[in-house]
Amino acid sequence: QVQLVESGGGLVQAGDSLRLSCAASGRTSGYTMGWFRQSPGKEREFVAGISWSSGRTLYAESVAGRFTISRDYAKNTVDLQMNSLKPEDTAVYFCAAEFISVIRTRVSDYHFWGQGTQVTVSS
């Protein structure tokens with residue numbers, strides 16, 4: 001069982017940076033952690049994922065080169081550094097976790113979710 005709490009969302013301007021953090025409690029070893037986002041009227045979509053054990057990462061094409069996912073063993077957190085933000089990045093961002101070794105990109109692949117944090121990018 002894993003509990004997830006996101007933080008770090010806010011209102012920024014296009015081109016700015018923002019760092020989201022996902023605090024995990026409970027067992028995380030062997031889990032894959034993911035960040036997803038959902039805009040009004042759209043389906044929740046995969047943004048980035050990281051294997052807690054190996055550190056392997058995977059990114060959606062829309063954020064590759066701008067976003068970086070990382071994990072901190074000491075703090076038991078998974079962070080999402082978002083640079084060069086665009087208005088189309090505006091969404092509620094969710095942290096997710098699943099006990100799998102391969103990074104999956106479907107919402108249905110993850111059973112543990114945080115409550116989400118709002119990111120708004122103005123033009």
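A residue counts as buried when its relative accessible area is under 20%, as exposed when that area is over 50%, and as partly exposed in between. With that in hand, let us walk through this structure, which is a predicted model.

What does Arg37 pair with? Asp89 forms a salt bridge with Arg37, and their closest N and O atoms lie 2.9 Å apart. Arg37 belongs to strand S4 (residues 32-38), while Asp89 sits in the loop between S8 and strand S9 (91-98), so this pair ties together parts that are 52 residues apart in sequence. Asp89 is buried as well, with a relative accessible area of 1%.

Arg37 and Asp89 are joined with Glu45 and Arg66 in a network of salt bridges.

Now turn to the largest pocket, where these names come up again. Which residues line the largest pocket? The lining includes Arg37, Glu45, Arg66 and Asp89. It also takes in Gln38, Ser39, Lys42, Glu43, Ser62, Lys86 and Glu88. Sorted by class, the lining holds 8 charged and 3 polar residues, with no nonpolar ones. The volume of this pocket is about 150 Å³. As for how such spaces are found, rolling a probe the size of a water molecule over the atoms shows where empty space is left.

Let us move on to another pair. Arg19 forms a salt bridge with Asp79, with 3.3 Å between the closest N and O atoms. Here too distant parts of the chain are linked: Arg19 is in strand S3 (residues 18-26) and Asp79 in strand S8 (residues 77-82), 60 residues apart.

Asp109 pairs with Arg106, the closest N and O atoms being 3.0 Å apart. Asp109 is buried, with a relative accessible area of 11%. Arg106 has 52% relative accessibility, which is over 50%, so Arg106 counts as exposed.

How many salt bridges are there in total? The count comes to 5 salt bridges, among them the pairs Arg37 with Asp89, Arg19 with Asp79 and Arg106 with Asp109.

Definitions and conventions. Residues are numbered from 1 along each chain as its sequence is written. This is a predicted model: local features need pLDDT of at least 70, side-chain atom pairs count only at pLDDT 80 or more; totals for chains, interfaces and linings use all residues. Side-chain values use heavy atoms; hydrogens and water are left out. A salt bridge is a side-chain nitrogen of Lys or Arg within 4 Å of a carboxyl oxygen of Asp or Glu. Helices (H or I, at least four residues) and strands (E, at least two) are DSSP runs, numbered from the N terminus. Buried means under 20% relative accessible area, exposed over 50%, partly exposed in between (1.4 Å probe, protein chains only). On a 1 Å grid over the protein atoms alone, a cavity is a set of points where a 1.4 Å probe fits but cannot get out, and a pocket is an open set with protein on both sides within 12 Å along at least five of seven lines; lining residues have an atom within 4 Å of a point. Grid points are joined across faces, edges and corners, and a volume is the space filled by probe spheres set on the points. Ala, Val, Leu, Ile, Met, Phe, Trp, Tyr, Cys and Pro count as nonpolar, Asp, Glu, Lys and Arg as charged, and the others, Gly among them, as polar.
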